[in-house]
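Please read the following with the sequence and the model side by side.

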Amino acid sequence: MATTAELFEEPFVADEYIERLAWRTPGGGSRGGEAFDPKRLLEEFVNHIQELQVMDERIQRKVEKLEQQCQKEAKEFAKKVQELQKSNQVAFQHFQELDEHISYVATKVCHLGDQLEGVNTPRQRAVEAQKLMKYFNEFLDGELKSDVFTNSEKIKEAADIIQKLHLIAQELPFDRFSEVKSKIASKYHDLECQLIQEFTSAQRRGEISRMREVAAVLLHFKGYSHCVDVYIKQCQEGAFLRNDVFEDAAILCLRVNKQVGEVFSNPETVLAKLIQNIFEVKLQSYVKDQLEEHRKSDAEQYLKNLYDLYTRTTNLSSKLMEFNLGTDKQTFLSKLIKSIFISYLENYIEVEIGYLKSRSAMILQRYYDSKNHQKRSIGTGGIQDLKERIRQRTNLPLGPSIDTHGETFLSQEVVVNLLQETKQAFERCHRLSDPSDLPKNAFRIFSMLVEFLCTEHIDYALETGLAGIPSSDSKNANLYFLDVVHQANTIFHLFDKQFNDHLMPLISSSPKLSECLQKKKDIIEQMEVKLDMGIDRTLNCMIGQMKHILAAEQKKTDFKPEDENNVLIQYTNACVKVCGYVRKQVEKIRNSMDGKNVDTVLMELGVRFHRLIYEHLQQYSYSCMGGMLAICDVAEYRKCAKDFKIALVLQLFDTLHALCNLLVVAPDNLKQVCSGEQLANLDKNILHSFVQLRVDYRSARLARHFS
């Protein structure tokens, strides 16, 4: 293998290089079936090493030659750098000398300039004073001959002269120069009017450059503010042609904002004056027309207009905040808004509360009128409070029951209307109230909602519903109070949602928060007390209805039939009717309530239902076949109890079913059954009382099992 420097280029791996050399040497490997020849391989390695040594010497000589060449070039480069440094030092010295010379000349020139200025300035002043004296003499003689006063194209120069003469005339004594002073003042006024007229014409023609020139001249005149007023007036010509004055104002200000900087030297002041004029003239007049029309005759429309106008005005103010109006534009715009609405905002909350009160009362009255219902007064005072305490403790209906004909006197439509009115009131309150008065005003609106929604509507419906609940011994009583519960529950959810969504943001960071929460808590607790009382009395009525069914349908012969061998029914008619009634009431309770309330009420009904059946069964004597029928009845009652989905109720009926087994078990097995899993924990007296109901109690001497 020929040895070259290219074989050692990176990456170089010695092992691979040796392998490649051996592989290429004949007899150096197993290539092509050749036998391995170590001598030949050794000879090849020795020759290759000699080649490498020769190549190394050649490369070394080349390296030494390159190093010598590099050292020679480095010395030449260093020498050249030294020469350049010397040249640079010489150039720098020449530059310093030139700089000093230039500074000397510049000093001389400045000194000469100062001397010339010292001579020229008084000369210019003298020339200018001479001209002014010449023009003053013309006014003194009463005849203006100079071209600057007679040539209309030189109005700018004339304005400059007359402005200076006017200042000079102010210093002259009146008694000697009264006539000339009046002539100068007259000319000053005429030129001022001409300039303003020229500005007006240029504005109408849209000549921005001419407007800028005239405005610059007028800047030193007393009538400059009048020029600004003319500009503002002409800007508004034809700007308010549509019905939306606020949009027109925004478009106008945007257009003027682009132009005013090209015309006036103080554009922010001019734009601020334009905006002030729009607010104090256009907007104030528009707002007054819109509000005064309804202020005394239509509170609803007045409040809607006030909210709409104030909102649109503040939105316009937000758009104007983008413009340069000076340092404190926020305060400037706030004062403008306040100047327009202050007379309306001072008594806003009184108008709001008055409207809300009358509107809420009208909504309620319209609802009761649609039901042909004369709202009865709910008594207050000592006697009513005493009745309420007695009713809460005894659960007795005091006074005659009122037939509501199934009417709950609760209306979601009424509630939605009241909440909608209150929501709009909260929105207006948020927008129109001063930040310091906002929590207080929001609380007053909330109090109105509590009064009309909670007290006048819900509480009245609960009182009416309570009065409409019949006594527990009434037959075929219609129980509508659960419908009241259902609707009241829905209304409470809506009331709570509005409290959280619309009232809380207005009072969350004020002391009124705790007051509102307490008021809400109190009203809900009052309602819950009446709901609990009504549900309790309704459950009593349900149990009373079951008692009537059992009393009317259950016969003594059901459990002691005359013919023991000819009983064809699976359970009694009384059981069928009671179970049907109970299932309807369970379904009604589930539809009327939600959450844990359903389980709580169903558990209470289930416990009372169990107690009723338990006491009812103990009124009869049971033959063997009658006992079997009683077990079938209880099994049906237990199946009905499963609908309650309450573990306690099902457990009670399981135990009752086990007790009924004592009515049919063989006398010899009685003791074993009593010690069974379900009856072992019951009091012996309870077990004994059930066994005593058997017709064979005495004949079979069953009492001995309990002695």
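This is a predicted model: local features need pLDDT of at least 70, side-chain atom pairs count only at pLDDT 80 or more; totals for chains, interfaces and linings use all residues.

Residues are numbered from 1 along each chain as its sequence is written, and side-chain values use heavy atoms, with hydrogens and water left out.

The protein chain has 23 helices and 0 strands; helices (H or I, at least four residues) and strands (E, at least two) are DSSP runs, numbered from the N terminus. Of its 707 residues, 38% are buried, where buried means under 20% relative accessible area, exposed over 50%, and partly exposed in between (1.4 Å probe, protein chains only). The chain exposes about 41800 Å², of which carbon and sulfur atoms supply 51%. Accessible areas come from the Shrake-Rupley method with a 1.4 Å probe, and for residues only the protein chains shown count as cover. Among contacts with a separation of 6 or more, 75% are between residues 24 or more positions apart; a contact means heavy atoms within 4.5 Å.

An unreviewed UniProt entry lists residues 49-87 as "coiled-coil region"; UniProt positions are given in the numbering used here, feature names are shortened, and annotations may be inferred rather than shown by experiment. In the model, residues 49-87 are 100% helix and 0% strand, with the end C-alpha atoms 57 Å apart.

Helix α2 covers residues 38-141 and contains Val109. Val109 is exposed, at 52% relative accessible area. Together with Tyr104 and Val105, Val109 forms a nonpolar surface patch of about 290 Å² accessible area.

Helix α7 (residues 224-236) has 13 residues and spans 19 Å from first to last C-alpha, close to the expected 18 Å; the expected span is 1.5 Å times one less than the number of residues. Its buried residues include Tyr224, Cys227, Val228 and Tyr231. After α7 comes Gly238, with a positive phi near 75°.

Helix α20 (residues 624-642) has 19 residues and reaches 27 Å, close to the 27 Å expected. Among its buried residues are Leu629, Ile631, Val634 and Tyr637. The buried residues of α20 pack against α17, α18, α19 and α21. In the loop between α20 and α21 lies Lys645, a residue other than glycine with a positive phi near 55°. Lys645 is exposed, at 68% relative accessibility.

Which residues does Phe706 touch, beyond those up to four places away in sequence? They are Leu670, Cys674, Lys684, Leu687, His688 and Val691. Phe706 lies in the segment after α23 (684-691) and counts as buried because its relative accessible area is 17%. Although 22 residues separate Phe706 from Lys684 in sequence, their C-alpha atoms are 7.3 Å apart.

Leu670, one of those partners, belongs to helix α22 (residues 670-674) and is buried at 0% relative accessible area. Its contacts beyond four places in sequence include Leu662, Val691, Leu702 and Phe706.

Terms used: Patches are made of residues with over 30% relative accessible area and no salt bridge: like charges are joined within 9 Å, nonpolar side chains (Val, Leu, Ile, Met, Phe, Trp, Tyr) within 5 Å. A salt bridge is a side-chain nitrogen of Lys or Arg within 4 Å of a carboxyl oxygen of Asp or Glu.
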